[in-house]
Amino acid sequence: MLATLRQAGRLPRRLYLGRIPLATLSTTAARTTLPPKPRRNLKEAFNPTSIEKGWYEYWDSRGHFEPAKDATKPAVRMLLPPPNVTGELHIGHALMLAIEDALARYYRMNSHQVIWAPGTDHAGIATQTVVEKMLAAQRSVTRQDLGREAFVEEVENWRQKYGRRILEQMKEIGASTTNSREYYTKDEGLSKAVSNAFVRLWEEGLIYRDTRMVNWSAKLQTAVSDIEVEFQEFPNAAGSTKIDGAEFGFLHQFAYPVVDGNGEEIIVATTRPETIPGDRAIAIHPEDPRYKHLHYKHVSHPLIPGLTIPIIPDATLVDPEFGTGAVKITPAHDINDYAFWKRHSKQAAPEDTTSKRVDIPLITIFDNAGKMTSACQVESLVGHDRLFMRKRVVKLLEDANVYRGKFKHNMRVPVCSRTGGVIEPMPQPQWYLKMKPLAQKVKEVAVRDGLKFLPEHPTEQLWNQWLDGIQDWCLSRQIWWGHRIPAYRVIKGDLTTRWIAAETEETATAQLTAEEKAQGCTLAQDEDVLDTWFSSGLLPLSTAGWRGTVGESDAWKENYPITFIESGGDILFFWLARMAMLSTHFSDALPFNEILLHPLVCDATGKKMSKSVGNVLDPLYVIHGKTQKEMIEKYAATFEAQLTQGPNAATAAQKKIREYEAATRKHFPKGITKSGADSLRMALVDYTRQSRQINFELRVVDVFRKLAIKLDNAVLFYTNTVAAQPFTPVDLKTADLTPHDRWIIHHNAELIRTVTSAFESRELHQATEAIRAYTYDTLCGVYIEFSKADIAPEAPDARRNVTLTLLYSLIDTLLRLLHPFMPFHSESLWQELSPSARALEDSVTIMKADWPTVAELPEAGDMGGQEMKDVLEILDEVRAFNGTGTVRMRAESEEYLRSMWATLEKMGKTKGRVTLGETGQERADGERWVKEW
């Protein structure tokens, strides 16, 4: 049988060779060092856990994820977007892996060498936060208690213990990553590339240092990127809501007395009373008639005796129709006020003598921890958290008789996604990268070399708009965990005279001038670390082997660029665009020529998944199943440390646990059914027809779980038939085919074309749709039913041999097409189709099978012709017919229809009610006809 099927083109010879033939392994080594090849008992009840168990270890241990040395087509290079070392698998990861793994498996089966590098990101802020919380809970120490070196060592120890957890979880999804190419963003080689990239950009004049307004997290005591800032909405109807103990949702009005104004005052409003001690100007519209007489006059600060501040006209900031038409200016604590300060203050542009500028000090009244400093000049506020002082400032205004009340007000409060704490705009000295030259080069190279997007609209337009409007990138973060910035202060006495960027202190020292050395200047490396996105932006280069050193070889170009990048649309600009800009700048080539974006996964109602809402779907819960009780207990366990950190922390933890429990009981009343990785994978890919947002429902996973069961039944039908009475395989290309044989071959060819086209166009949901429809409606719904008479024990041997050979071919083809989506299930069934040739041969795997092509199939001819068309029409009619009636035949279909009549009766469930008439039979009076022509 094996030789015949191979000769007939059903089982390509290279399938049997594999990557690691058993001949290269000793029998003992194969038994003792490698996990066994799993076997499937098709007669056991469907259980995804037992079906999927062992296959990943088998594939990995035999080297099937590694680049095939016998590949005949160009290499396909892929890069797994690195999850944080703090991360745990979530449904977004599962979608990404399902798509990327499907593509990787497709290209392997098409004889491409596939290199899909997995890795993890050191995740500076996230990891430091986790470890700081752990140290506080377990040892009651802070990072400041330990010192930088010891703290970094603690983080690395934690990373060694937990950092690969998410990569291990990915194995349960079946991600066939090239594990020998695994990377970590703080690996020595990748770190060298990061340092050298910074130095080169500095030397090219693209990196500079400046004091600007940044998003400041007081809890983390660092600047954070825009992606780490979320917004909490407070509609004015909601009234008071608290964050960090402070009341939000109100607009407070108070008065500034005009100096020498005979009792005249300007009323202003603020949602942040704690910033009032930092006010250093009042802005009004230059054309507002209410204030024209007050231009450049002064008002008295109501909380700081003797302090007067100027009234300055500004058409950019002030809307005269809003409120009182006057705006308080706190230049050091509001981004718009800071821009106002740069337009109007002498301090911002001392050399400007052409415009009217006034003295406006830039006074920072909060320290890095968010506490009021002595610069606020209000003794009772100093040393206290600024948010806790909100009420006290209002009381001081009331005592000064200048408070004019509060009103409900729409608010959009920026909070840190890491801590939930309120973000403060703060002027801070930071390192910046000039982005416009890099963005312009990306656009030019994209035109030269081509860059495709999926979906094309509106992604390409948004991409170009973002590049056109790009701002300089703040690179520095005030934390200890990460790539320390390779920049050194040149210190003379107590002053920093200049900066030197160098990979090492030794290299920096060599750059000191003779004069600086004679003056005893010393060096001190900057304490800050680089934004994590900087090292991630270099990954296409650094994972290829690029190190950015002078005179390095071009060997890295063999691994660059990657073929395409697949990711979530939410990080298109934070990661993909930065990869494009950094990599193109250093290589003069785009890091990828194709960008594939998957949609955001939300719950069934379209809400973003959130633990606090209780609608989060852990993919491992879907794979293995979880009861409500187990879900709640696991969530509660994450608060174990917090429950021991005093009454306030314990109360907050208990509240979150209660909220999660209530939400879980609402969203998952019956828990989550065990469905397996394959059903989840295929459901997620099928959902990508929703290009922007997936409203995910578990019932869709169940649809594909049932598809897996349907395939089980089809394979079991075939294997039971063969076990009961073996057959002799035939060459289908010369066999005598029935109309239904030709019909199924035609539809099989259409399926191959559709699925292949779906992969080439990246519209993978078209493949999942086609496979499901073909399995239910074509293969199982029609052909297998039609074939039962042909494979019955009493059927002629010639007909039985053709039918079973074809059925084997159809199932084999379907499983190979299915493999990229359901790798575990397809492998387990494919092995059992021919156990002696596959399951019992260690090196044989569907992963190395050839991708199906139409050339494998015999010619379908007229796909069954009029005969098959008539039979299917009659089947539809008899299924829908209610009562007793007659079918009149066409002459050209008579013989075939009579041969199939018993099957049609059985499938239509009309035996005894619908009869077969004679060709050309006349209708009798009152006779009911089911079908006539």
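Predicted model: local features only at pLDDT ≥ 70, side-chain atom pairs only at ≥ 80, totals over all residues.

Biologist: Where in the chain is Tyr560 placed?

Modeller: Tyr560 is in the loop between α19 (539-542) and β26 (565-568).

Biologist: And which residues does Tyr560 touch, not counting residues up to four places away in sequence?

Modeller: Leaving out residues up to four places away in sequence, Tyr560 touches Arg77, Pro540, Leu541, Ala544, Ser583, Thr584, Ser587, Ala589, Leu590 and Pro591. With Ser587 there is a polar contact of 3.0 Å between the two side chains, and the side chain of Tyr560 also reaches the backbone oxygen of Ala589 at 2.7 Å.

Biologist: What separates the C-alpha atoms of Tyr560 and Arg212?

Modeller: Those C-alpha atoms are separated by 36 Å, and the two residues are 348 residues apart along the chain.

Biologist: Switching to charges, how many salt bridges does the structure hold?

Modeller: The structure holds 55 salt bridges.

Biologist: Take Arg272, then: which residue is its salt-bridge partner?

Modeller: Arg272 forms a salt bridge with Glu424, and the closest N and O atoms are 2.6 Å apart. Arg272 lies in the loop between β11 (265-270) and β12 (281-284), while Glu424 belongs to strand β18 (residues 423-433), so the pair ties together parts that are 152 residues apart in sequence.

Biologist: Are Arg272 and Glu424 buried or exposed?

Modeller: Arg272 is buried, and Glu424 is buried as well.

Biologist: What about Arg484 and Glu527, how far apart are the closest N and O atoms there?

Modeller: In that salt bridge the closest N and O atoms are 3.4 Å apart. Arg484 sits in the loop between β21 (476-477) and β22 (487-492) and Glu527 in the loop between β24 (522-525) and β25 (529-530), so parts that are 43 residues apart in sequence are tied together by the pair. Arg484 is partly exposed, with a relative accessible area of 30%, and Glu527 also counts as partly exposed, at 45% relative accessibility.

Biologist: Which residue does Glu154 pair with?

Modeller: Glu154 forms a salt bridge with Arg139, with the closest N and O atoms 2.8 Å apart. The pair links helix α9 (residues 148-162), which holds Glu154, with helix α7 (residues 124-139), which holds Arg139.

Biologist: Why does Glu154 count as buried?

Modeller: Glu154 counts as buried because its relative accessibility is 19% and the cut-off for buried is under 20%, whereas Arg139, at 41%, counts as partly exposed.

How values were computed. Residues numbered from 1 in each chain as written. Heavy atoms only, no water. Salt bridge = Lys/Arg side-chain N within 4 Å of Asp/Glu carboxyl O. Helix = DSSP H or I, 4+ residues; strand = E, 2+ residues; numbered from the N terminus. Buried < 20%, exposed > 50% of the residue type's maximum accessible area, 1.4 Å probe, protein only. Contact = heavy atoms within 4.5 Å. Polar contact = N/O pair within 3.5 Å; in protein donor to acceptor, adjacent residues only side chain to side chain.
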